[in-house]
Every structure is written in structure tokens, then in C-alpha cells.
Amino acid sequence: MATSEAVLQILGGTMPHLLGSNNCLRGSGSGFPPLSSCKKNRGSKYMKSFQCLRSSDQTIRKHPLRNGVTHGCTPTKKLLFLKCSCQHAESVGGLTKEGENGTWYVDNAKSFDSINGNIPNLLEFQTDKDLNPEREPYNSNGKSYSYLATQGVLNKPKASSIEDEAWELLRESVVYYCGSPIGTIAANDPTNSSVLNYDQVFIRDFIPSGIAFLLKGEYDIVRNFILHTLQLQSWEKTMDCHSPGQGLMPASFKVRTVPLEGDETATEEVLDPDFGEAAIGRVAPVDSGLWWIILLRAYGKCSGDLSVQERIDVQTGIKMILRLCLADGFDMFPTLLVTDGSCMIDRRMGIHGHPLEIQALFYSALLCAREMLAPEDGSADLIRALNNRLVALSFHIREYYWIDMNKLNEIYRYKTEEYSYDAVNKFNIYPDQISPWLVEWMPNRGGYLIGNLQPAHMDFRFFSLGNLWSIVSSLATIDQSHAILDLIEAKWADLVAEMPFKICYPALDGQEWQIITGCDPKNTPWSYHNGGAWPTLLWQLTVACVKMNRPEIAARAVEVAEKRLSWDKWPEYYDTKRARFIGKQAHLFQTWSIAGYLVAKHLLANPKAANILITEEDSELVNAFSCAISTNPRRKRGPKPSQKTYIV
């Protein structure tokens, strides 16, 4: 299609529609982005062509997934399909770039050099020597997603059998839409009859899969995922007649095959997103949009293809996420106020308020977005608000969330009921909140960022993802980052033990578990989110360790995981305090357990590749924070200037 036909109209309250050579992403002109659909004949072995269509249907039939297995699909109230005209070519080897904002597949992406790291091969494993996509072509026609080692493009000996198995399983989890790879399902467990929503593509679950494919030099699946999920942004589904905020990304989506209305011989594929209205607990995902921005930056840095992030619709999608997160409200703190279950811990676990995980992802997404936003007049106010929030958020987290032995002793001696601008105990924390376990657990060397902070409440639990991503995103200072890794080493038996990595420590037990979790039978002590061990956290641990030039910590954790992961069939999580048992309700062949392992292995072999995920503070942000922290918080201060919208 000529680029002159690709016209993007951005109106108030409308979502950008995807443009490009793949016309499955053509805008429909409605007030919200409809779902894509592709028509195909039922009787044909291969899809010869796809037709444009726009229809509405309320019935969904069973459809084949992988290996002939079928799963029933529940009816949806409304499916609005996007017009598309997809042609299935016999060969797609000669894909070319079309226009500045009309690209879909780009074959001239630059390769990312990830082999120049000087860190020795700690685990004595071999990986690909060259990620150049010109030498390692990626079959993007959706017919086969074959293992590229058979094409003779690898320069090093064959990888270990565990890695081979992991790559095979990861490729088997790939989901196709209109003949092209679009993501990976959450789990591919043939032994579990309770599928629930594990056969869907989750945004947060796909992140390690996407990073693994990027590091492998296979960019198409990540590009497709980014653009198709953008298409689903702000879909106007409701829960109890209330619509989600504009710019919200779905928690997951599913490729459904439905009969074509008026044609009994044809079916169509549609993307059906879930914004939480069907999820357990009915909680909207706050982290999906933040992860999407982080993956978008990683794609550009790894592939060298910046045309995706420069597209008008992608730029608009970034701005919509930022406006949703930066919107003014009743909350006075620079941290994001969210409800329980809005992130990786997606059940009631007492993290409502300002959980560390969301703040670390928020900070990282702000830095990534600032790097990718095109300089234009319409972005000036947004960038100014973004910079202000970065300064306030970094000060708030580093100053008030940090705890080590010195800070713990300070809290132990807090005075309460202070009313003044120069109060030391600003949040009126009562010293009796300090739990006996923390007094014994806190090492003399090391520290961490607490899980949550609200008036009269400090959640002293150690939450792994929030602390690890605070290192990756530079939300924690250099000294704090090293102290977090020091604590991990000091408390290895608690946080790693026989399978890395504890999602949080310690577990809630007894009456505390009953009150905080609502007697959740899945979150019993040392299980699932309540102190369970999640192998997927290996990749975040590895990125943090590589950034701080301490890869031996991650290498040790990977070595522990390799003893059991493959033998145990790649479980979702592990139970018990030492992670000795496979989780009682854990799905096997969990995709992000597989992908997390692969990313960790690759980054240990090629540490410079971690730069696609790491964000560094610029000099202006460091200077602004230094000015804020150098001000003595205990001296008397007057009211804040009226133009400030946050408290530090």
C-alpha cells in the first residue's frame, strides 16, 4: 500500500490507529480502537489471503490452539472488528520500508552489539556470537518459527541441552495472528486441565519473552506485539458500567477464531483484550503500560530500528500512558496511588497504596519515555511535568523508603504526633510497627527499599522486583544499589535457598495472613505471592547484577536454578520457606520462567546487552536531586511554593 493512503487522524478522546504495510492495522475511525480480524476459509490448509471486514458477533466457538488441543472460549458481549486486508505472500524475504510513519516490517534494522563485554564466562556456557539480523534471518511469515541453529548462522558450539529445551519450549508458546507471531501464552502446561486465562498473552509475562527474542536477533515478534497491543489501548470495555482511563493498556489479550457472520465456510481471527473486567478480583493492570514503554525502548536500542517509536500513533500512545499516570488527583505524594493486585502481585496482599514495584516501573517508564518522545511544541508541557515528577519521585523513594540498620535505629527512636514543617517523623510512624523479625533479620551491612509507605504505615517486607528494578532504573542511588545486593548475599538462604527468587520476604502468617489476604487459600504462607519463589525473577536479578558489575551473584543464582528447573518442568513458582516444593497450584511449562532463564543466561554471557534495559540518570536530574537532598530536612521550612504539586 502506498504511504499516501496511510492517514492518521488524532482527535480528542480517540486512540491512534496503526498504519503500515500490514493493513490488518487499519483504523476504523471509531471513537475507540476496534479489534483486528482476519477472514480465512475453513477448508483451506494454508491461508491464501485475508479479506477486509467489519462486523459484530456475540458467539465464539471452540478453536484449535497448539498440537490440536482445543479450549472453550466464553462469549463476549461485544466484539468490534477492525477492517483489514492481509495478503499471505509465498515469500516475505524482501520486505521493504514504506514511509516514515507507515512502516510495519522493517528489514534493515541495525544489529545490537552485545559481545564486547569483558566479564568472563562465569557459567561456561555458549551463546550466539553474532546477533546481526542480516546473517541470522528471521522467518516472519508465520508459517514456521524454526530454531535458527539449523540455518548455519551460529559461530559458537551448540548451547547446553537445558538452553535448547528452553528455546524449543519458548517457540512452542508463540501465538500467531494473521499469520505472524504476536506474543507468547502465559503457560503451555498439557497436564493442567484448568486453563483459566493462562492461554492468553499477558503484557507483563511477555516482557522476558520479548527480551529473549531481541537478544536472539529476532525482532518481528516484538515489533508485532508492540503495535498490536497499542491498537488495543483504551478499548472501551467496562466493569459495572464504568470505563477504564484513556491510555490504559490491557492486562492480556487472546487471539480468538470466530465464525464469520453471513458466511458459514469462513472464520476470522480477532484480538480480544482483558482490562481486568474478567480477571480474578477485577483489578485493572497499572504495570502493563509501564512495561510496554520499557519494552518499546529496548526494541529500539537492540534492533536499531527507531522508526517504530517515531511513529505518530506510537508517540501518541506513549503520551496517553504518561497523561494517565501524571494526572492530578487527591494524592499529595509523587508516587503512584494504586489498589491491591495491580502489578505482578495480582491478588490481595496488602500492597494497596504506593507499592515499591509500581514506583520503580513508573520511574523507569518516565526515563524511557523522555528518551523516546519527539521534541515538539505539543510535548513541552508533558516533558516539563515528567521532569518534575522524576526529581520528586527519586527524592521521595530514596529518602523515605530506604532502610538499613542506621535508619531502623532512627525509626526505633521516633517521636510521634509531630505537627510542623520541620517534623522528623513526617508520616507519623509508630516505633511499635517494627516487627521482631526485622530486628533479627536486618544485616549490619546492606539495606533495601521497603515495600510501601503511607501515613502511619511502613510495610517493612522485602519485595524483590521493586528493589531489583530500582537498581536497573537508577531509582536507587549507587550506594543503595550495592547495599541491596549486599543484603541479597547476606540473606541468600532466605531469598534464594533452593530456587531463586523469593517474590517477597517474609511471608504473612497466622492472623496477619487472615486479615491482610482475606484468608486467600492460594496465598498461604510461603506460597505463590506470599513468600513463594519465582524463577522468572532471575532475569531482573541478572540485569541488576550486571549493571553494578557484580555478575557473580546472578551466576550463582542461575547455577542453583539449573539444578531443578528443567527436571521440574519449568514451574510457575515454588513453595515452602526454602523453595523445596513445586507450587501447589503452579502451572508447568510457565513461559516467563523459561524466558527469564534464557535472558539471564544470555546477559551473563554478553553483559553489554543489558544496556537495552538499563536507564541512567542524566546530569540535570542528578544535580536537581542533589539540591533537594542537601537541604536539611530538619530545619524549619515555610509552606511550599504554590507552583509545586508534590511534597518532598
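The chain exposes about 26500 Å², and carbon and sulfur atoms supply 50% of that area. Areas like this come from the Shrake-Rupley method with a 1.4 Å probe; for residues, only the protein chains shown count as cover. Keep in mind that this is a predicted model, where local features need pLDDT of at least 70, side-chain atom pairs count only at pLDDT 80 or more, and totals for chains, interfaces and linings use all residues. Residues are numbered from 1 along each chain as its sequence is written, and side-chain values use heavy atoms, with hydrogens and water left out.

How much of the chain is buried? Of its 648 residues, 59% are, with buried meaning under 20% relative accessible area (1.4 Å probe, protein chains only).

The chain has 18 helices and 15 strands. These are DSSP runs numbered from the N terminus: helices are H or I with at least four residues, strands are E with at least two.

Now zoom in on strand S12, residues 457-463, where six of the seven residues are buried. S12 pairs with two other strands, as the table shows; pairing takes at least two DSSP bridges between the strands.

| Partner of S12 | Sense | Bridges |
|---|---|---|
| S11 (residues 447-454) | antiparallel | four bridges |
| S13 (residues 504-505) | antiparallel | two bridges |

S11 and S12 make a hairpin with two residues between them, and alanine 456 in the turn has a positive phi of about 60°. Towards S13, phenylalanine 462 is bridged to tyrosine 505.

How values were computed:
Buried means under 20% relative accessible area, exposed over 50%, partly exposed in between (1.4 Å probe, protein chains only).
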